[in-house]
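I opened this notebook to record what I looked up about the pockets of one protein model. The structure is displayed first, and my entries come after it.

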Amino acid sequence: MPYFSYKNGILHAENVALNAIAQQFGSPTYVYSKAALTANFSAYADACRQHSLAPDSSLICYSVKSNSSLAVLQLLNRLGSGFDIVSGGELLRVIAAGGDPRKVIFSGVGKSREEMRLALSHDILCFNIESIPELHRLNEVAAAMGKHAAISLRVNPNVDAKTHPYISTGLKENKFGVAYEDALACYRTAAALPNITVAGIDCHIGSQLLDDAPLLEALDKLIELVDQLAAEGIHLHHLDIGGGIGITYDDEKPVAIGDYLGRLFARITAWRQEKYQGAPIKVLFEPGRSIAGNAGILLTEIQYLKHSEAKNFAIVDAAMNDLMRPAMYEAWHGVQTVARRSSAEQVYDVVGPVCESGDWLARSRSLAIEAGDLLALMSAGAYGMTMSSNYNTRGRAAEVMVDGGQAHLIRQRENPADLFALENLLA
Ligand SMILES: *Cc1c(COP(=O)(O)O)cnc(C)c1O
């Protein structure tokens, strides 16, 4: 990760020393690299430019839930990104960041009427529909507004999970999408609804996929459906393969984005030439983790070292409320000392102050540290801040975006008083 590297023994984000960030903004603080976000987005954008059938025949819809900070959305919008949202709140964030609602797609199994109205009033690009009742509700809401809603069906391609244990959303038994076998009937229903416009097809089979084989398998299944629909006179304008490409947390070796997109577009190009005289179909992507994950770290200060017979603990000022992934998924994040010490390493569990045994951030790490030292929890740019909470009445961390030699505060640290400002005492 060249965006977070040691210079003169001090860990930097781009050209800014992390100890300088802690001194100026305190800790815990999420620190993002603008160059890393840009490079990760560009890996998608460049491959789309290189391989897609026509200019404007692809759209990268960054998955807002992975990191929804306004400054992150603003940057990605300036780079040309669209957005994949899963709530009305995320749509308002995109708009507040200057994003174009007409490049927004709306995913999620539980869209409320109010969220549908909000999205329709902003003329979003497409609703990714996950059930028949949702389709009928959207038709009703659109009719009441005198509008037409563009939809895509989220199809569950049921790709084999046995060889790919990380796939967790593309299987028959989970709550997402409509079953592959039911998709044709759903499209017929959708095509007959007066205020629904059938626009596309989508899937999202899971997250942290290291290999693109299951994605290409899912693509083949979507292609089959597109052909069957075309034979019935239902012509789709876009195909959305979802997100899901993994990142390196430890020693994982995810497929390179350019290689994956090269294979995907080769398959699509061959198919369009064979069946549709080369007429392009718009291709959408919904990447989250692969754009934001390795573009951020969580900076934290060691409060105490605690040595017991069984274990050594480094008690830090970040906790499970700041970075939930270890407690929730037993996720592994690298731990780096901000200033290197030459003293002997010992094995530590890095834990937070929250009153839960599940409040750990990293286990069994060899570290040369003392109380007061700063640590960086690596690869924390995605599903870090967005999953944070106020458990234990802990204000959420500050967020800083580094751009070359400049550090910009993009979100202030929450004050305890902010946390109960919306509460009322009894009369
Ligand atoms: C979370 C999510 C994504 C992003 O997944 P990543 O693994 O972060 O790329 C894309 N699409 C949908 C529908 C999602 O729920």
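This is a predicted model: local features need pLDDT of at least 70, side-chain atom pairs count only at pLDDT 80 or more; totals for chains, interfaces and linings use all residues.

Entry 1

Entry 2. I looked up the largest pocket and recorded a volume of about 950 Å³. I then asked which residues that line the largest pocket are the closest to its centre. They are Lys65, Ser207, Arg289, Tyr329 and Tyr383, out of 36 lining residues.

Entry 3. I turned to the origin of this lining. Helix H11, residues 325-329, gives the largest share of the lining of the largest pocket, namely 3 residues. At the level of domains, I found at least three lining residues from each of domain 1 (4-33 + 293-419) and domain 2 (34-289).

Entry 4. I recorded the residue classes in the lining of the largest pocket: 12 are nonpolar, 13 polar and 11 charged.

Entry 5. I moved to the second largest pocket, which holds about 330 Å³ of space. Among the 18 residues that line the second largest pocket, I listed Asn40, Ile247, Ile257, Ser290 and Asn294 as the closest to its centre.

Entry 6. I asked which elements give two or more residues to the lining of the second largest pocket. They are helix H2 (34-51) and helix H10 (289-292). The largest share, 4 residues, comes from H2.

Note on methods: Residues are numbered from 1 along each chain as its sequence is written. Side-chain values use heavy atoms; hydrogens and water are left out. On a 1 Å grid over the protein atoms alone, a cavity is a set of points where a 1.4 Å probe fits but cannot get out, and a pocket is an open set with protein on both sides within 12 Å along at least five of seven lines; lining residues have an atom within 4 Å of a point. Grid points are joined across faces, edges and corners, and a volume is the space filled by probe spheres set on the points. Ala, Val, Leu, Ile, Met, Phe, Trp, Tyr, Cys and Pro count as nonpolar, Asp, Glu, Lys and Arg as charged, and the others, Gly among them, as polar. Domain bounds come from an automatic or database domain assignment.
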